[in-house]
Every structure is written in structure tokens, then in C-alpha cells.
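Please look over the sequence and the three-dimensional structure shown here before reading on. The report that follows takes up the backbone, the packing of helices and a pocket.

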Amino acid sequence: MTWTPSDLNPPTRLLCGTGPSNPDPRVLRALSAPVLGQFDPDFTAIMTDVMELERVVFRTANPRTYAVSGTGRAGMEAAVASLVEPGDPVLVGNCGRFGDLFVELATRYGGDVRQVTAEWGRVIDPEHIEAAVKRARPKIAAIVHGETSTGMWQPLEEISRVCRAHEVLLVVDAVVTLGGVPVEVDAWHLDVCSAGTQKCVGCPSGMAPISYNELAEKAMAGRRSRVISNYLDLTQLQRYWSPERLNHHTLPTSMTYALREALRLIVEEGLDARILRHHRVGTALKAGLAAMGLQLFGDPNHRLPMITAVLLPEGVPDEAGRMRLLSEFGVEVATSFGPLRGRIWRIGTMGYNAQLSTVLTVLNGLEHTLRSFGVKVPYGSGVEAARQTYLASAPRV
């Protein structure tokens with residue numbers, strides 16, 4: 001007897017973990033558009049649209065602004081693979097799981113890796129970066145703009161100034177921050193900046209927007225050895241996205257449609273307005289959690305607006321609590337990694353989900369879930385505090 005799988009019918013969830021987030025329905029519609037060949041002139045025109053829209057969102061004039069076919073990690077790895085040669089000194093600012101990832105990537109490609117670290121829940125001190133740069137004289141410095149594992153937001157301007165002064169290339173992971181907080185590639189002199197699609201950009205996972213300047217391109221062109229990875233070789237990928245259209249790989253057509261639509265929606269809304277929306281919603285969520293008597297995690301001066309980390313009250317089991325919230329309210333939130341696993345929940349309000357209705361739904365479900373484990377939460381306290389905070393922050397017309 002032959003087994004035949006049932007129809008694909010995934011449940012509808014409110015995705016308030018750390019990604020993916022729920023895409024705008026218009027992005028999902030773009031995914032269903034007819035597939036074109038990768039060199040069809042109508043499709044290459046869409047590729048050009050993606051590059052132009054990304055320049056707006058990255059706030060850059062870099063000609064080398066396009067998308068790597070792969071998740072946000074592919075963008076990070078492409079940057080490291082294309083710049084780091086065996087023996088190159090590499091400095092990583094590390095205060096969380098994705099700082100660890102930069103260390104691993106640079107090590108895998110043969111880099112001589114040094115680290116400047118901070119406790120999880122804090123950010124890297126630029127003075128420590130400067131001291132390490134003077135000691136190690138690295139070729140590149142790599143740092144995470146938004147550390148998703150801890151909910152921390154790393155300031156970049158002073159670190160960039162240090163790197164420029166010492167002729168160090170600055171590589172930035174903006175996977176969670178692009179489209180949700182300012183990412184000023186040109187103004188902050190970020191040499192390479194890569195992102196992902198499934199968070200504040202508001203698209204399913206599968207593409208990695210990237211932008212890099214002439215200094216980074218010159219460093220890639222001046223390598224002593226060939227890039228180890230063919231697929232993630234930016235010197236080849238930039239030719240694929242250029243008018244040359246080097247036949248490197250087959251771009252994921254439908255994902256390119258979706259990315260174009262997600263970027264178009266950002267530009268349509270206005271980048272500043274979108275950033276303000278993420279800020280208002282994140283502030284409302286934090287106010288609601290505090291009103292429920294919950295303690296937020298990490299340095300209060302450097303919390304991301306779109307990822308809120310909250311300490312689990314005593315007696316609430318991590319996995320069982322999240323599963324109850326998912327099964328009874330259809331709301332997904334995330335645990336964390338390493339020393340924070342089981343200690344915090346991370347609540348994402350990103351992209352299309354950065355709305356007051358999302359916050360109120362999460363807080364309502366969270367109140368009932370916590371009560372089911374014996375936590376005394378004042379009825380309706382979170383919802384009301386969030387609502388009042390959100391309304392009080394409305395822009396004046």
C-alpha cells in the first residue's frame with residue numbers, strides 16, 4: 001500500500017518570536033506570481049528594482065547593493081568568506097550568540113580571531129574595540145548591530161570612527177535591525193552590511209540583502225588567494241547582479257519577487273515612519289510587561305525596540321509555557337541560547353507584526369498563560385498599560 005501525504009494545511013500562527021515574522025499579505029501574493037527565467041528581461045528589471053530599493057533602506061549609494069541567495073547567515077558568511085584569508089587578523093565584538101557566529105565563521109575561513117567581549121545583556125564598549133584594534137591591527141572588525149539572542153542594540157558610530165582611523169574594514173550584521181531601526185551605511189561608514197528578510201524587512205526567510213563600499217570591494221579584488229566558497233563569493237555575485245549577468249547560479253525567482261515587494265512596502269510607508277512604528281510598538285510592549293510585574297532583561301539603555309527579552313517568573317517552565325501560549329492562543333515566542341536558555345523569553349514585534357493589535361494579543365495570551373502556572377498577574381494590567389503607552393506616543397499632526 002502506497003502512503004500519500006495529506007494536503008498541506010499549516011495552522012495560522014501569530015509569529016512573535018525572533019523570526020520569521022508574519023509577512024504582509026501583499027508579500028505572500030508576490031510569491032505566487034508566475035515564475036520567470038533568471039535572464040528574462042522582465043526578471044532582470046526586477047533585480048534592478050531590488051538593488052535600488054535596498055539602497056533606500058540601507059541608506060547608501062553603494063553600487064554593490066544586492067541580495068545573496070540564502071538566509072541572513074548566508075550574508076554574514078559571504079562577507080567573511082570574501083574578505084578573510086588564512087592568517088588574516090580578525091577582531092570580533094562579541095556579546096551574544098551571533099557574535100559567537102562571527103567568531104566561528106572567521107575561524108572556519110582561517111582567520112586569526114581576537115575577541116572583545118561583553119556580558120550577555122550588555123553591548124561592546126568602543127574604547128575596548130579601540131584598544132584591541134591598536135594591539136591586533138586586524139584586517140576586519142565584525143560586529144552585530146542587533147544581538148537577537150539578548151535583545152541588545154549595539155551603537156556603531158564610535159566603533160566605525162575607530163575602524164576608519166586605523167584602516168580596519170567594519171563588517172556589520174544587521175539581520176534584525178534593517179527596516180526597524182536606523183541602519184546608516186553611508187553616514188556611519190559601514191564597509192560591509194548584511195541583513196536578512198524574515199524580520200523587520202517583512203519577507204519570508206531566504207534572501208540576504210547586502211551592501212558594501214569601494215574599500216571592501218578593493219580588498220576582495222586584492223586577495224592573495226581565491227575565495228574558498230564558490231556559492232558565497234561576492235566577487236562573482238556582484239557580477240551576477242551587474243549588467244554583465246554572470247551565470248553564477250539560478251536566483252530564487254519567487255523569493256526575489258517577495259523581497260522586491262517587501263522593500264517596496266518599506267519605501268511606500270517611508271523608512272522613518274516605519275522606524276517610528278517599530279519604536280512605538282516595542283515601547284508599548286515593554287510597558288505592558290512591566291505593568292504585569294515582569295522584569296525585562298538586559299541594559300535598559302540599549303534594548304532593541306523590536307525584540308523584547310523578558311525574564312521568566314519563578315515556576316513558569318520555558319518549553320511548556322511557550323507551548324501553552326502557542327496551542328491556546330496561537331502565539332509563538334522564543335526562548336534563547338546558551339546561558340539564557342530557559343531564563344528569558346524573547347518577543348518579536350517586527351515588520352507587518354509591529355502593530356498595537358499584535359502587542360495586545362500577546363499580552364492577553366501571556367497573562368492567561370502565566371496565571372495557569374500560578375503567577376499572580378493583575379487582570380488586564382498589561383493590555384491597558386500597553387494601550388495607553390501606545391496612544392500617548394502618537395505623532396502630533
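Where is the place of Arg 59? Arg 59 is found in the loop between α2 and β2 (64–69), where helices (H or I, at least four residues) and strands (E, at least two) are DSSP runs numbered from the N terminus. This is a predicted model, in which local features need pLDDT of at least 70 and side-chain atom pairs count only at pLDDT 80 or more, while totals for chains, interfaces and linings use all residues. Residues are numbered from 1 along each chain as its sequence is written, and side-chain values use heavy atoms, with hydrogens and water left out.

Most residues other than glycine have a negative phi, and most peptide bonds are trans. Arg 59, although not a glycine, has a positive phi of about 50 degrees. The peptide bond from Gly 19 to Pro 20 is cis, with omega near 5 degrees, and Pro 20 belongs to the loop between β1 (14–15) and α1 (25–31).

## Helices α2 and α9

Helix α2 (residues 41–58) packs against helix α9 (residues 253–269) at an angle of about 40 degrees, their axes being 9 Å apart; axes are lines fitted to C-alpha atoms, for helices over the stretch in contact, and angles run from 0 to 180 degrees between N-to-C directions. The two helices, α2 and α9, are therefore oblique to each other, given that angles under 35 degrees count as roughly parallel, over 145 as roughly antiparallel, 65 to 115 as roughly perpendicular and the rest as oblique.

By class, the contact of α2 with α9 comprises eleven nonpolar, two polar and four charged residues, where Ala, Val, Leu, Ile, Met, Phe, Trp, Tyr, Cys and Pro count as nonpolar, Asp, Glu, Lys and Arg as charged, and the others, Gly among them, as polar.

## Helix α10 and its partners

Helix α10 (residues 271–291) and helix α12 (residues 356–372) have axes that come within 9 Å and cross at roughly 20 degrees, and α10 and α12 are therefore roughly parallel to each other. Their contact includes Val 281 and Leu 285 of α10 together with Val 359 and Leu 363 of α12, and its residues are eight nonpolar, one polar and no charged.

With helix α13 (residues 381–392), α10 packs at an angle of about 145 degrees, the axes lying 7 Å apart. The contact is made by residues including Arg 280, Ala 284 and Gly 288 of α10 and Ala 385, Thr 389 and Tyr 390 of α13, and it divides into eight nonpolar, five polar and one charged.

Arg 277 also lies in helix α10. Leaving aside residues up to four places away in sequence, Arg 277 touches Glu 269, Gly 351, Tyr 352 and Ala 354. The C-alpha atoms of Arg 277 and Tyr 390 are separated by 9.9 Å, although these residues are 113 apart along the chain.

## The largest pocket

Of the 17 residues that line the largest pocket, the closest to its centre are Arg 73, Phe 98, Val 175, Gln 198 and Lys 199. A pocket is an open set of points on a 1 Å grid over the protein atoms alone, where a 1.4 Å probe fits, with protein on both sides within 12 Å along at least five of seven lines, and lining residues have an atom within 4 Å of a point.

The helices α3 (72–83) and α4 (97–108) each supply at least two residues of this lining, and α3 gives the most, with three residues. The lining as a whole has six nonpolar, seven polar and four charged residues.

How values were computed
Contact = heavy atoms within 4.5 Å.
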